[in-house]
Amino acid sequence: MTDQGLAMRLHGVGDLRCAAEPRPVPGDGMSLVRVTAVGICGSDLHWFSHGGIGDAQLRQPVVPGHEFAGVVEGGPLHGRRVAVDPAIPCTRCEHCRAGHGNLCPQVRFAGHGELDGALREWIAWPTELLHPLPDGLSDADGAMLEPLGVAIHAVGLGHLRLGGSVAVVGCGPIGLLLVQLARVAGATRVLAVDRLEHRVAAARRYGADQAMLDTGADVLDGADVDVAFEVAGNDDAVRTSVRAARPGGRVVLVGIPDEDQTTFPAGPARRKGLTLALSRRMHEVYPRAIDLVRSGRIDVGSLVTHRFTLLDSAEAFQTAAGRAGLKVLITS
Ligand SMILES: [Zn+2]
Ligand SMILES: [Zn+2]
């Protein structure tokens, strides 16, 4: 084994460069992981296409990638295949101690700011954030647990009741996982909309009772759902979600807008007395995500439509940005 590994670093908009870098040395409480699968996420595309996300901007070249799995080299989990929780909360602040590590003001996140992510051969990560994968889950499944975790957290914020109704506005991978989760959580009416035909078809395959092409703000008018999940990250989808919710219903905003601004139609939101919930990543959902996949209740594997090698990362990002398939994965 050499003590170097390849890493893909984002230097600016659309500027992803590959270089051999020293293999990271795990510090106290950390383990070395050989990365085997990394998913490209909509948030990575914000960095790739715009050089930033919300009010955070690229200040130094960073290794992207926060949806990942790998094999542990050395330490207490040596040889185990693991999914990696990409968020490192401080564990000491009042939010962390109250069990809301996802809201920690000091949280560090893979591929964000100064913390390099997983688009490289080796990464060192806190051992307690490594979740061993059972035999039934592939490494690709392991990488998909992060978007599944985001979807599980959003369902929690939706306070979905048995026999309830749901709208999913935006059917990328997280939206499609929400369609599946809504059914598992006991929803009896699941509506889904997207602007792309192949995603509408996918929503139908994953169990939406009605999946429609998003033809404008009124596409879900009168749907009167208990919970609308906005998973597109644009104001049109927010408007559609607000108009889809029933009086007293909830709208959960999961999407990340391009500009650091979200607007919603105040009239219908006020008249219906809606509760708007803003979803922030997730907390402590990996064990549940693993059980949902292992038990066959949630299918993450078929969401992966494209695979590339690490060296073809730039092409992988272009493919993901083109939104031709569902999830683009980089595997070794
Ligand atoms: Zn993501
Ligand atoms: Zn904290």
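In which strand is A124 found? In this predicted model, where local features need pLDDT of at least 70, side-chain atom pairs count only at pLDDT 80 or more and totals for chains, interfaces and linings use all residues, residues are numbered from 1 along each chain as its sequence is written. Chains are lettered from A and ligands numbered from 1 in the order in which they are written, and side-chain values use heavy atoms, with hydrogens and water left out.

A124 belongs to strand β10, residues 122–126; strands (E, at least two residues) and helices (H or I, at least four) are DSSP runs numbered from the N terminus. The relative accessible area of A124 is 12%, making this residue buried. Here buried means under 20% relative accessible area, exposed over 50% and partly exposed in between, with a 1.4 Å probe and protein chains only. Setting aside neighbours within four places in sequence, A124 is in contact (heavy atoms within 4.5 Å) with P24, V25, P26, M30, S31 and L32. Between the C-alpha atoms of A124 and H78, which lie 46 residues apart along the chain, the separation is 13 Å.

Turning to the metals, the zinc ion (ligand 2) is coordinated at 2.3 to 2.4 Å by the SG atoms of C90, C93, C96 and C104. Donors are N, O and S atoms within 2.8 Å of the metal (3.2 Å for Na, K and Ca), and sites may look incomplete because water is not among the atoms. The angles among the 4 donor atoms of ligand 2 run from 103 to 116 degrees, and the site is tetrahedral, a label given to four donors if all angles lie between 85 and 135 degrees. Along the chain, these donors follow the spacing C-x2-C-x2-C-x7-C. C93, in the loop between β8 (87–88) and α2 (94–97), and C104, in the loop between α2 and β9 (108–109), are 11 residues apart and link distant parts of the chain. C93 is buried at 16% relative accessible area, and C104 is buried at 3%.

For the zinc ion (ligand 1), the coordinating atoms are C41 (SG), H66 (NE2) and E67 (OE), at 2.1 to 2.6 Å. The donor residues are spaced C-x24-H-E in sequence. H66 is buried at 4% relative accessibility, as is E67 with a value of 1%.

Finally, helix α3 comprises 20 residues, 139–158. Of these 20 residues, 18 are buried, so α3 is largely enclosed by the rest of the structure. After α3 comes H159, with a positive phi near 50 degrees.

Technical notes. Four donors count as tetrahedral if all angles lie between 85 and 135 degrees; four count as square planar and six as octahedral if opposite donors are over 155 degrees apart and all others between 65 and 115; anything else is irregular. The expected span of a helix is 1.5 Å times one less than its number of residues.
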